[in-house]
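Thanks for asking for a second pair of eyes on this model. My notes are below, as numbered points you can check against the coordinates.

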Amino acid sequence: MKTLVHNHAVGRFMREPLCSIVLDKSQRIHQPGEMLRGEYQIDAVDPADILAVELSVLWYTEGKGDEDLAVHYFERHTPDDGGPPMLHELHRFEVVLPNSPLSYEGVLIKLRWCVRLRVFLRQGKDVIAERDFQLGEVPYARPVKT
């Protein structure tokens with residue numbers, strides 16, 4: 001189901017864009033130092049309504065305490081920056097993954113990696129899509145029985 005969003009600036013309804021991220025490697029686990037390759041595409045939107053597109057490879061924490069986030073790779077494209085001329089078309093990316101921090105599924109905290117695509121629209125709204133992956137193979141933590 002697609003969401004229609006009214007664009008007050010131009011007095012018409014817009015569809016919310018469909019954003020897709022596909023990683024070349026079908027397995028979810030990637031190793032430190034490995035090349036992460038994939039592609040992204042934005043569909044169901046008028047290309048003239050896209051102000052900018054950002055692609056990030058990042059990690060974030062979830063759980064108890066403060067949540068952290070760090071960006072390992074970032075690229076931003078606008079229609080005027082000499083980057084990809086048609087922001088909605090299929091674009092490829094590749095990133096060498098770092099040695100750390102590794103993905104972690106702990107009892108109190110989880111560390112997750114993802115590829116994040118953020119699309120900025122002329123109406124002032126932004127749309128985010130994410131593709132999770134696992135960096136390294138740290139065993140799952142189990143609660144200690146007392």
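The points below go from the overall fold to ring pairs, charged pairs and one threonine.

1. Ground rules. This is a predicted model, so local features need pLDDT of at least 70 and side-chain atom pairs count only at pLDDT 80 or more, while totals for chains, interfaces and linings use all residues. Residues are numbered from 1 along each chain as its sequence is written, and side-chain values use heavy atoms, with hydrogens and water left out.

2. Overall fold. The protein has zero helices and 11 strands. Helices (H or I, at least four residues) and strands (E, at least two) are DSSP runs, numbered from the N terminus. Of the contacts with a separation of 6 or more, 65% join residues 24 or more positions apart; contact means heavy atoms within 4.5 Å.

3. Burial and surface. Buried residues account for 35% of the 146 residues. Buried means under 20% relative accessible area, exposed over 50%, and partly exposed in between (1.4 Å probe, protein chains only).

4. Aromatic pairs. A search of the whole structure gives two aromatic pairs. Rings of Phe, Tyr and Trp (its six-membered ring) pair if their centres lie within 6.5 Å; planes under 30 degrees apart count as stacked, over 60 as edge-to-face and the rest as tilted. Tyr40 and Phe93 form a tilted pair, at 6.4 Å centre to centre and 35° between the planes. This pair links distant parts of the chain, with Tyr40 in strand E5 (residues 35-43) and Phe93 in strand E8 (residues 91-96), 53 residues apart. Both Tyr40 and Phe93 are buried.

5. The other ring pair. Trp113 and Phe133 have ring centres 6.0 Å apart and planes at 35°, so this pair is tilted. Trp113 belongs to strand E10 (residues 109-121) and Phe133 to strand E11 (residues 126-135), 20 residues apart. Trp113 is buried at a relative accessible area of 1%, and Phe133 is buried at 2%.

6. A charge over a ring. The charged end of Arg76 sits over the ring of Phe120, 5.3 Å from the ring centre. The rule asks for NZ of Lys or CZ of Arg within 6 Å of the ring centre and within 35 degrees of the ring normal.

7. Salt bridges. Where do Asp24, Glu39 and Arg92 meet? They are linked in a network of salt bridges, each defined as a side-chain nitrogen of Lys or Arg within 4 Å of a carboxyl oxygen of Asp or Glu. The closest N and O atoms of Asp24 and Arg92 are 2.5 Å apart, and the two residues are 68 residues apart in the chain. Glu39 also bridges to Arg92, at 3.2 Å from N to O. Arg92 is partly exposed, with a relative accessible area of 49%.

8. Is Thr61 buried or exposed? Thr61, in strand E6 (residues 50-63), is buried, with a relative accessible area of 5%. A polar atom of the Thr61 side chain lies 2.7 Å from the backbone nitrogen of Asp68. Beyond four places in sequence, the contacts of Thr61 include Ile109, Lys110 and Leu111.

Key
A polar contact is a pair of N or O atoms within 3.5 Å; within protein, one must be able to donate a hydrogen and the other to accept it, and residues adjacent in sequence count only if both atoms are side-chain atoms.
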